[in-house]
Amino acid sequence: MRQIGYVGKGRLEAAQRLLPSALSAWRSQWCFGGQHAVTPPAVTLLEDATDNISSITTHWQQASTPNGALWLGERTESCWQHLVFGEQAEDAPADQIAEHLIQQAQLALANALFDALQQRRVAAMVVAAFAVSGPRLLLTMPGHETDIFIVLDASLLDAYLPIPPARLPLLDRKHVIGGARIKLRLSLPLAEVSVADLSDLHPGDI
């Protein structure tokens, strides 16, 4: 059974507020433009796009932080080349320099999103299998002929959950128990006392 989990309104709204602007800033620095450059990305719950995700079986990369991970996925390897090089993608040589540039762009994208969420940056991404499980968010970025998908653990947005109000006690503790009476039994050691003094003692004497 596929586990979906619970994202919640607070984390979803925070993602919709922070991630698209971070993605746009990254795009202005790393991409050469193109017909999809002005199309805004969409942030949704992962379970709302099961059909799209299930059609992607390869080309997943993962970046992990102590608070959660994100995955970058695409249907074909040429998606990133068209995204980064734009209209010049067909003329760009498919060599090690272009591949290195795309890898750096992918790493910069992951770190741009981590920065927006106030998470620790990563030094590298790894190719990793992706399973649709747990509370996660989906960031869909328009690309060339097909979209590029970014999946984020909802735990990356825990800092944006609303703080519950402090619950005050119904009655002040001192006010409730201050008038209660308890029984005490005291035992005092006596070093020495004369018989005369002892015979004169009465209840209440000290």
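Let's start with a word you'll need: a residue counts as buried when its relative accessible area is under 20%. Keep in mind that this is a predicted model.

**Exercise 1. Work out how well helix H3 is covered, and by what.**

Step 1: Go through H3 (78–85) with that cut-off and pick out the buried residues: Cys79, Trp80, Gln81, His82, Leu83, Val84 and Phe85.
Step 2: Seven of the eight residues in H3 are buried, so by the under 20% cut-off the helix is mostly covered.
Step 3: Look for the cover. It includes H1, strand E3 (68–74), H4, E5 and E6.
Step 4: Peek just past the end of H3, where Gly86 has a positive phi of about 60 degrees.

**Exercise 2. Compare the reach of helix H1 with its expected span, then find its kink.**

Step 1: H1 runs over residues 9–30, which gives 22 residues.
Step 2: At 1.5 Å a residue you'd expect 32 Å, and the reach from first C-alpha to last is close to that, at 31 Å.
Step 3: Now for the kink: find Gln16, shortly before the proline Pro20, where H1 bends by about 25 degrees.

**Exercise 3. Describe the largest pocket and its lining.**

Step 1: The space in the largest pocket comes to about 530 Å³.
Step 2: Of its 20 lining residues, Gln61, Glu99, Ile102, Gln103 and Gln106 are the closest to the centre.
Step 3: Ask who supplies the lining. H4 gives the largest share, seven residues.
Step 4: Sort the lining by class, and you get 10 nonpolar, six polar and four charged residues.

Definitions and conventions. Residues numbered from 1 in each chain as written. Predicted model: local features only at pLDDT ≥ 70, side-chain atom pairs only at ≥ 80, totals over all residues. Heavy atoms only, no water. Helix = DSSP H or I, 4+ residues; strand = E, 2+ residues; numbered from the N terminus. Expected span 1.5 Å × (residues − 1). Bend = angle between axes of the 7 residues up to and from the residue. Buried < 20%, exposed > 50% of the residue type's maximum accessible area, 1.4 Å probe, protein only. Contact = heavy atoms within 4.5 Å. 1 Å grid on protein atoms, 1.4 Å probe; cavity = no way out; pocket = protein on both sides within 12 Å on 5 of 7 lines; lining within 4 Å. Points joined across faces, edges and corners; volume = space filled by probe spheres on them. Nonpolar A, V, L, I, M, F, W, Y, C, P; charged D, E, K, R; others polar.
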